[in-house]
Amino acid sequence: MTLVIKQEKPKSTFSKIVEIISTMASRPSGLIGLIILVFHVTLAITSPLYVPHDYKAIDPSLMLQAPSSEYWFGTDSLGRDVFTRTILGGRTALTVTFFGSLIALLWGGALGIFCGLVGGKIDDVVMRIIDAFLSIPWILAMLLIVSLLGTSTIVLIPALGFFYGKGIVRVARAATHDVIAKDFIVSARARGHGNFSIIWNEILPNVRDAIMVEGAMRWSWMLLGFSSLSFLGFGVSPPTPDWGLMISNARGLMSFAYWAVLAPIFGLSSLIIGINLTADAFAKALGIDRSTKAPV
Amino acid sequence: MQQVVQEIKNLSIGFTSKKGEQISILKNISTTINKGETVGIVGESGSGKSTLALAMMGYVKHGLFTISGECIYQSNDILKMKNRELENIRGRKIAMIPQNAGQSLTPNLKIGYQIDEALRLHTNFQKEDRDVKISELLNKVRLPSPETIAKRYPHELSGGQQQRVAVAMALAGSPDLLLLDEPTTGLDVTTQAHVLELLNFIAKDTGTSMVYVSHDLGAIAQVSDRVIVMYSGEIVLDGPVRTILKNPIHPYTYGLLKSIPKLTLSGLPNSMSGSQPQPGTIKEGCSFYDRCEFAEDKCKINSPELEFVSDLNTSVRCFNHKKLHKKKDEDTKSSKKVLRKLTKNEILDISSVSISYAKQKFIEQLLNKIDDTNPTVKDINIKIDKGETLALVGESGSGKSTILKSIAGLIKAKDGIIKFDKNKILSNDLKKRDANYLRAIQLIFQNPDESLNPNHTVEEIVSQPLKLYFGLSGNELKQKIIEVLKKVRLGEFYLTRYPRQLSGGEKQRVAVARAFAAKPDIILCDEVTSALDVSVQAAVLNLLQELKVDFGTTYIFVSHDLAVVKAISDRVAVLYQGRLCEIGPSESVYKFPSHPYTEVLLGAVLEPDPDIKPKLVAEDIVEEKPPEKGCSFQGRCPRLLGQICKTDVPPWQIDENGNAIRCHIKINDLKNQQISN
């Protein structure tokens, strides 16, 4: 018997990641997204090493200067360099939302798979609770939490992670429902595998992609949410630079010092666009069509 | 000169691969469909038969395109027509009947409305005339009381009735050509026989030409005048049905016919090695070269042309067809069936098992019992000896898979006891079963695409039972996996493959390997061959047989295909509506006397021989629920005795061959009646 099928070498995890990234970069939108994202992440990590000015140096004589060769993006109402503050402004937001979405991914994915697997009454009760939470305006709930527990990162990360994980529960549950009826699950049950083994070995490899893509999408939404909190004064406390806070401080002066608002807006929106494009390209590279799956 | 309905000239259809190569799915197809003729197109999955049928109505699937050639209908090439022009032809002149009528009918519109719609589009009748025509069409497809059927929704009809409605809709425009794509594949055997008989009647009655696409040579034999055999996108054989099926002069058809299990044969059919090449992989030579028993060196380099053999009126694509021409009646028998060693060592005892799907009421949940006087499966008593192959046979809804699942512990039985190895009671709760009993009973499923995790490699799949039951790891585990794979004739290099990189037969072998890795005593096979192509089916059956000889495993084999069952089983149990009808050694179940239901089933089996017609004994009504009282088969029984069948459960009667039949008719009367038929 001769074999027609080509012999394929086993792939290491590393080569799989390289393959996914190169597939993502093969489309213009994916390439742009990746470039923006990598640019922002690099900036967030390395910017303290080369900022031109001190981000908290107040100088009343330099108030609201227009962009110049010394102050590329001009200065704000306290005479601080807007360029310096803009490239530093994404650090907190990126860190908080990255870990926040990791937490969302973990608890949302775990609960979703569990509900999808056990089904029945437990599933019903948990899903109704999730529905109830979905109906609460998250920003009100966040304001409540933050005013009770303070605005430290330790509070913000799990709070955001909790609120953005609800949607992931639904996606993970739906993806689990797709696989649960398949015979390989029945086969595993008949062999006598426990629930944990079935989740880890049989379900997780089949729902992982869907959950990860959803997590990436949630990241960009969470970034917007976190900046809204900062804008309202509940996120990052001054004088730490942050886009949401910068927009909030400079918005009253927009008519004559537009640069102080435009710079952080540009920073925030480019990062969100970058994450969105990357997440879409990621989904396409994994073969998941997001248009058919409702996010919430 | 016969009138030609459609002429296909040199047609090639293909796609462009990722690398930019042009790959053909159909290669230079040329044939004609004459008026009033029924042409069967047969081939395994991936042979291009559906693509050809779709091209005949001017449709090329998205992603494919016409490379060359034309499809001429009324002196126009329909592949070049615009959508407007095609609208006038499709449905009106060339109609199609799809495989799954249940899915092709709109679920929220009444049957009458849907046929009316077809009539409005394809004819110029007025409203009153159309109403008459609807009844006429429903009558023609032999649906009982057309007026009531027209007022029903598709889901209120059975599969066979839905298929009949699809036929009625296709006939609405009185087409010249009717294309049927696997129209009976999803149907039960008895229903299938009825639908085929109807199609034959319509072909004669209306003079419509038909093109019947199927993988099932049995069905093709019943309806076709002419058969086209396709392999890898090429026509390899084209000729009258009798010549093709009785004197196949192409090695592929020859092998294919030998690999079909038949009722007239005892033992397993011969298998054909290998599988059909992927499109684009054969660059030169005959596409069947790899699998051909008669291949010579010249076949590897030169591709044979279609050659007309005038004394058989057949076209064939093979250099060596003359060899096969002479090789007529040799080795038609292949008795490889291993006789069971009569050990009388009972391994499984199923006694008075009933299974209910009724939903428990709240109080019943508290008391942990089910109150259902008419359960789906009732009163099953079967004892199985070690090393035996028991087949459970019946149509869909007969409860055969349900019984299998309750043996595996996946469904809780309502009543009854299942004992393993003489005296060990198997709990009906999977979680309470001892790990050793779980190991002892393994399942193989129908569709390997569903039963193998797509994200696991073959190594991971086969390692699951080894890790779970024997705690193997590391090198020892790997050695064991290789050993198990070797037993199912798969080499070591399969370890790193994913299921999607395997062919259907290879996938099922992996599933078999996984089951055998647990060193089971009993293997439950749930329709293990019905998702496979015929040539692959024979190979899997042979493999199961060989493994049984090596390991002394007991099989419980569920199937709807009586010919397959005959080939592999020692004992057969026939089920109807979850009740046992007949059980006995397989030789005697296939002989008279039989339970009337077995008789109906046997009569409906399609043989790949146009001269053996199925006997249609009973009506093909579908019953939703088993009757409350009396014999389970009373609703369809052609030999109904009278009131007694409706009130009393029939007694078991045993004939001289050890065949137990549950019927009110005395066993000798039954025999006499059936033989005189």
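## Basis of the model

The structure is a predicted model, in which local features need pLDDT of at least 70, side-chain atom pairs count only at pLDDT 80 or more, and totals for chains, interfaces and linings use all residues. Residues are numbered from 1 along each chain as its sequence is written, while chains are lettered from A and ligands numbered from 1 in the order in which they are written.

## Chain A

Chain A contains eleven helices and zero strands; helices (H or I, at least four residues) and strands (E, at least two) are DSSP runs, numbered from the N terminus. Its C-alpha trace spans about 80 × 50 × 30 Å along the principal axes.

Of the 296 residues in chain A, 41% are buried. A residue counts as buried if 20 or more other C-beta atoms, placed from the backbone, lie within 10 Å of its own. Among contacts in chain A between residues at least 6 apart in sequence, 73% join residues at least 24 apart; a contact requires C-beta atoms, placed from the backbone, within 7 Å.

## Domains of chain B

Chain B is divided into domain 1 (4–93 + 175–326), domain 2 (101–174), domain 3 (346–569) and domain 4 (588–676). These bounds come from an automatic or database domain assignment. Between the C-alpha centres of domain 2 of chain B and domain 3 of chain B, the distance is 42 Å.

## Strand β19 of chain B

Strand β19 (residues 522–526) of chain B has five of its five residues buried. Ile522(B), Leu524(B) and Asp526(B) point one way, and Ile523(B) and Cys525(B) the other. In a regular strand the side chains alternate between the two faces of the sheet.

Strand β18 (residues 441–444) of chain B pairs with β19(B) in the parallel sense over four bridges, where pairing requires at least two DSSP bridges. Strand β20 (residues 554–559) of chain B also runs parallel to β19(B), joined by five bridges. Ile522(B) has bridge partners in both neighbours: Ile441(B) in β18(B) and Thr554(B) in β20(B). Together, β19(B), helix α21 (residues 534–551) of chain B and β20(B) form a right-handed β-α-β unit; with the strands pointing away from the viewer, the path over the helix runs clockwise.

Leaving aside residues up to four places away in sequence, Ile556(B) touches Ile522(B), Leu524(B) and Cys525(B), among others.

Technical notes
Buried ≥ 20, exposed ≤ 12 C-beta atoms within 10 Å, placed from the backbone. Contact = placed C-beta atoms within 7 Å.
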